Amino acid sequence: REDTPHSTCMDGTAASHQTSRVLQIHPRLTESRTSRDRWNSWLSRESKFRQGDDYHHRGPTVCDSFWLEGVPPLICASMPGAELLLLLHCFLERNAAFRLALLQRQEDLAEVVLCLVYWVVLWSGDGAVAHHSWVHLSLLSLLLLSAEPGFSSIVNLPCPVALPLPGSRPTGPSIADLLFSSVAELVSAGKERLEPLLPAALALLANLAPHTKMLSDEAAALLTAMLLDLAQPSYLFGGEARPELLITALAVVSSSLLYHHAANLPLLHALLHAAAPLRALPSLQPPPPAEAEEPLEPDGTRGEGAGPASSDAAGEADGGDTGGGNADAAAAEPFAATAAWVEGWKARLPLQAIFLFLDAVEPKARTAGARAAGTASAREVRRMLRATSLAGVLPPPPPVSVRRCVPNEYSQLWLSQMLWGVVYMRNQELYEPRLVRLVPIASVQPGSQ
C-alpha cells in the first residue's frame, strides 16, 4: 500500500502512471503477472476458444465469461484510455448478457465502478475541453450500471481501493460515499463549465439514493452543498433547463429520507444545518439585473458613448450587417426568466418530505443545541436525531423509479464520432493519413428533395 494514497490528482501527462500506481494496492492487481502478460494470456485463450466448436454452439454465453475475465482487470490495470472506455461502454450498452454477468460478480463490478469514478474525477478536473466527452461517457457507463437491479448489491460495500482524489480528500467508507462525493463535487465545481454532463450525473445519484443506507458526514455535507449551489439564484435563473437539475437534486435527498432516514443520521444533521436556505426555496426570486458599467478611458474617466449605447456603433464597425449580425446577437442574449416559467418549476419542487422532517425535528434540535455549545451541541443534536422516530411523520416511500439513458439519433451520432475519432487517431500507421478524404453526410428524409 502506498504511504500517501490520497495524494492530489495528477494531470493528463501522468495519468497512466498515477492510475496504475493507485490500483496496484488492490489484491486482484498485485499478482506477479503484469497487465501485458494478463492481456496476452487472455487473448491467446480467447482466440483458441473462437476456433473451437463450443464457440459456434454456445457462443454468446460462454464467450461473455472470457470477456469478463479479461476486460475488467485490463481496464483497472491500464491507463485511462479512450479505447478501453469505448469498449466497456459498448459492451454495457449493447450486450445484455455481459452486463448481467458483470453485475453478478461483485468484485469485478466494484473495480470497474471505481475506475470509472476515478476517470471522471481525473478528466473533469484538468480543465481540458477535449476530455468532457470522456467524462460524459464514464458517467453514462455508471448510469447504465446503476439502472440494473443487481447494482444495489455493491452500493453499501466498503471501498476496496483508496483513490487519490483532489485536495487529499479520502475516498470514503463505502462505494456510495465515493459516488455521492465525486458527483457532488463535479456538480458544484463545474455546474457551468460541465453543465451538459450534469443530468447524467444527477440521474446516477437518483438511482443510488433508494439503496444507500447511510452516507458519511463528508458525503452528506457535499450533497447538501451541491443542492444549495444549484439553488443559487444567479445560476438557477440563468438557463431554461437549470431548474430541472435542482428538481433532480431535491428528489435525491427526498429519496434518501423516505427510504433510509433512520440510519442516515449524517444526512439528517446536514439538512438541519441547511434548514434556512431549504425553507427559502419556494420564495426564490430572480437576481436583480447587473447594471452595465461604462469602460474606462485611458485617462481614467468614463466616455459618454461607451456601454450599452455603443452597441449600434459596434454593429456598424463590423460592416453594418442587418441579417446574420442581428441573429448572432439574438442568439447571444442571456435567458430571460418569465413569471410563468418560474411558477411552473416551483410547483414541481419535491419539498414535502424535507419540510415534514424539518417541521418535526427543528424545534427539538434547537432545544438540544441550547443545552450545550460547540462540539457538545453537535453531539446533543446527533443524539436527539438517533432517539427521534419519524414514523408517521414522513409519507411511505413510493415505488423505486429508475432513471435510464435513452439513446437517440444525436447520442448515437456523438458516440459514432468518438469511436471513429479513436480509430483514426490511434491507427494512423495502418494507412496514409494525407490521403484520407473527409466528406459530409446529410440525412435526408424519404420522399424529400
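Contact here means heavy atoms within 4.5 Å. The model is predicted: local features need pLDDT of at least 70, side-chain atom pairs count only at pLDDT 80 or more, and totals for chains, interfaces and linings use all residues. Residues are numbered from 1 along each chain as its sequence is written, and side-chain values use heavy atoms, with hydrogens and water left out.

The protein has 21 helices and zero strands. Both kinds of element are DSSP runs numbered from the N terminus (helices: H or I, at least four residues; strands: E, at least two). Of the 449 residues, 43% are buried. Buried means under 20% relative accessible area, exposed over 50%, and partly exposed in between (1.4 Å probe, protein chains only). Among contacts between residues at least 6 apart in sequence, 74% join residues at least 24 apart.

The largest nonpolar core holds 107 residues. Such a core is a set of buried Ala, Val, Leu, Ile, Met, Phe, Trp, Tyr and Cys residues joined through side-chain atoms within 4.5 Å. Val 113, Phe 151 and Phe 357 have the most contacts inside this core. Helix α6 (residues 106-124) gives the most to the core, with 13 residues. Leaving out residues up to four places away in sequence, Phe 151 touches Leu 103, Leu 109, Val 113, Leu 145, Ser 146, Leu 179 and Leu 208.

Two packed helices are described by the angle between their axes and the distance between the axes. Helix α4 (residues 82-94) packs against helix α5 (residues 96-103) at about 100 degrees, with the axes 5 Å apart. Axes are lines fitted to C-alpha atoms, for helices over the stretch in contact, and angles run from 0 to 180 degrees between N-to-C directions. Helix α4 is therefore roughly perpendicular to α5, a term for angles of 65 to 115 degrees. From α4, the contact draws on Leu 88, Phe 91, Leu 92, Glu 93 and Arg 94; from α5, on Ala 96, Phe 98, Arg 99 and Leu 102.

Ser 141 lies in helix α7 (residues 132-146). Ser 141 counts as buried because its relative accessibility is 0%. Beyond its neighbours within four places in sequence, Ser 141 contacts Leu 85, His 89, Leu 92 and Leu 116.

Ala 219 belongs to helix α11 (residues 217-230). Ala 219 also counts as buried, at 0% relative accessibility. Residues up to four places away in sequence aside, Ala 219 touches Asp 177, Phe 180 and Ser 181. Ala 219 and Pro 266 are 47 residues apart in sequence, and their C-alpha atoms are 8.5 Å apart in space.

Key:
Parallel < 35°, antiparallel > 145°, perpendicular 65-115°, else oblique.
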